[in-house]
Amino acid sequence: MDCSSKSKTLVLLSEQLLRPDNEIIAFRKQLALTVGDLKQQISIIVNELENHTEENWVLFMDDSFNFVAGFLALLYSGKHPLLLNPRHVELLHYYQAVLTDTHLTNINLPTNLPIINISNINQHQSVKSVKNNPDFRQTSFTLFTSGSTGLPKPIKKSISQLEREINILIDNLKISPCDLLIASVSHEHMYGLTFKIMLSLICNIPFVCETILYQEQLATYQSKKITYITTPSIIKNLDHNLSTINCTCVFSSGGELSFENAQFCLQNFKVLPYEIYGSSETGIIAKRQQKSLNTPWELFYPLQLKYTPNQQPLLISPLLPQAELLNDKLQKIDDIKFYLKGRMDKIVKIAEQRLSLTYIENQINKITAVEKAIVIPLEKNNRTILAAIIKIKPSHSKEIDNFNYFKLTQYFRHLLKDTLSLVEIPKKWRFIESFPENLQGKCTYTDLKALFDTPNKI
C-alpha cells in the first residue's frame, strides 16, 4: 500500500469518476470491475432515483462494488445515505426508502416503503452519464454504532471527514505497497467503510467485493500482494495446520488482540497485524503492532488526549467537530502512548437505583463454571429488568447438564445472593455455547436481546 509516498496521487471520493475508464476498482469472483463499470452502474441507479422524492435512503448492499455505486449515486442525487441493516425494524423511523441488491425477505417492512433493488434494474439501458456533473449534491451520510450496549445509534458524518481520516492514516502508517484489499468485515460499518472502501478508492487499490472469512478463501488471491482487513475473532481462530499466506499488511480492529494472537497472525500471514483503536463516533484514535509484551497504544498524529479528574479521557481530533469523552479506561504513559484498561462502567437505572452492569458481570464471571457473562437491560411490561447471558466453561458443561433451566437459575441466584442486591440479580437467564457475533466480531445488543425471544433452554 504505497500511499505513504507523497508522489502517489490520491483521489478524493468526488473525483473517482474522473479516473481513466480502464482502471480497476474491484474484483468480483476474480472478475475485474473498472471505473467504466462503476460509471455505468451509478448512472443507472441515479436514473432510478430521479423517480423518487424521498430524501433519507437506507443503503444495504451485500456486494461491496454495488455499495460504492449506490453510495455515490445517492450523493450525486442529493439523497442522504443511511448505512444500516433494514432487518433492524426498530430503526424504521430513521428512513423513507431502501436501496439494495438483495431481496428483503422475512422482514416486517411497510408495504408502501419504496425499495429499489438494483438486481431488478435493466443493466443495459441507455442513461445519461453522471460524469458531466461530477459534484455531489449531498455531502453527508449517517452510519450507526455497532449496538454492543444497546440499539444502534445514528452518527452523522461528512464526506470530508472520511477523506481527512484516510490522509491521517497515510501520514501515520508506513506500509509496503499492495495490489489488493481484502476484508472479513462489512462495508456498512465505520471500520469497513474506512479501511476497505475509502482507503481502496483514494489510494487506487482494488478491493475484493466478497467478504472473505476463511484462510482457504484468502489463499485463492495468493498471487497478489494482499492487505487483509479483519478482526481479533478471525485471527484467534486461524488454523496453523493450513499453509501460510503472505500478506503485506493485516489490519485488526473491533477489540483488543492478545499478544499470543498477534504472534499467531505473524505465523499464519507472515506479518504482525496493525491493531486499530477507534469507534464509530470518533473514527481512528490509535494504533500498535505487538512486537513485544505490553506494547502500548500510540495516538495517530495530530490527535490528542486529555485526562479529566475522574480519568475519563477526552479526545481532541480533527475528525470531530468538538472534543469527545471516551468510554474506555486508559493508563497514560506519555502524551502519545497509553494502555487500554477496559471499558468505563455501563450504568443503567432500575427502581430509581443506578446499577453498574460491569460490576454485575464481574461478579458472575467469578463463578467457577462461567467462562463469560454479559448482562443487558430488557423492557418487560413497561419496566426495566436485567437479563444475563452465560457461556459455561467446557470443563463444567457435563456438570451443568444435570440441571434443568429452573434449577440452574436458582443455583446462580444462590451463588450471587451475598455479592449482589436483589435488584442487581438478573431476572432472566440464557445459557449458551457461544456468543453471537457479526462480521465486525461484535456481540450486539439486538442479537443478545433476540435470545430472549425463544423459550427458556439450557
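Asn 294 lies in the loop between β14 (283-288) and β15. This is a predicted model. In it, Asn 294 has a positive phi of about 60°, although Asn 294 is not a glycine. The residue is exposed, with a relative accessible area of 58%.

Asn 106 is found in the loop between β5 (97-100) and β6 (115-117). Its phi is near 60°, a positive value in a residue other than glycine. Is Asn 106 buried or exposed? At 82% relative accessibility, Asn 106 counts as exposed, because the cut-off for exposed is over 50%.

**Strands**

Next comes a sheet. Three strands form an open sheet, in the order β16-β17-β18. Their pairing is antiparallel. Which strands stand at the edges? They are β16 (304-307) and β18 (324-325). Each has a single partner strand, so one side of each is left without a neighbour in the sheet. Strand β17 (residues 313-316) is joined to β18 by two bridges. Those two strands run antiparallel. Across this pair, Leu 315 stands opposite Glu 324 in β18. Strands of a sheet pair through backbone hydrogen bonds, either parallel or antiparallel.

Strand β9 (residues 180-183) and strand β11 (residues 226-230) pair in the parallel sense. Four bridges link β9 and β11. Here Leu 181 stands opposite Thr 227 in β11. Which way do the residues of β9 point? Leu 180 and Ile 182 point one way, while Leu 181 and Ala 183 point the other way. All of these β9 residues are buried.

**Helices**

Now for two helices. Helix α2 (residues 64-76) and helix α4 (residues 190-202) have axes that come within 12 Å. The axes cross at roughly 70°. An angle of 65 to 115 degrees counts as roughly perpendicular. The two helices α2 and α4 are therefore roughly perpendicular to each other.

Which residues meet in this crossing? From α2 come Ser 64, Phe 67 and Val 68. They meet Leu 193, Lys 196, Ile 197 and Leu 201 in α4. The residues of this contact divide into five nonpolar, one polar and one charged.

**Cysteines**

How many disulfides are there? The count comes to zero disulfides. The cut-off is a pair of cysteine sulfur atoms within 2.5 Å.

| Cysteine | Nearest cysteine sulfur | Distance | Relative accessible area |
|---|---|---|---|
| Cys 178 | Cys 249 | 7.8 Å | 11% |
| Cys 247 | Cys 265 | 7.3 Å | 8% |

Cys 247 is in no disulfide either, with the sulfur of Cys 265 lying 7.3 Å away. Are these two cysteines buried or exposed? Cys 178 is buried. Cys 247 is buried as well. Buried means under 20% relative accessible area.

How values were computed: Residues are numbered from 1 along each chain as its sequence is written. This is a predicted model: local features need pLDDT of at least 70, side-chain atom pairs count only at pLDDT 80 or more; totals for chains, interfaces and linings use all residues. Side-chain values use heavy atoms; hydrogens and water are left out. Axes are lines fitted to C-alpha atoms, for helices over the stretch in contact, and angles run from 0 to 180 degrees between N-to-C directions. Angles under 35 degrees count as roughly parallel, over 145 as roughly antiparallel, 65 to 115 as roughly perpendicular and the rest as oblique. Contact means heavy atoms within 4.5 Å. Ala, Val, Leu, Ile, Met, Phe, Trp, Tyr, Cys and Pro count as nonpolar, Asp, Glu, Lys and Arg as charged, and the others, Gly among them, as polar. Two strands pair if DSSP finds at least two bridges between them. Buried means under 20% relative accessible area, exposed over 50%, partly exposed in between (1.4 Å probe, protein chains only).
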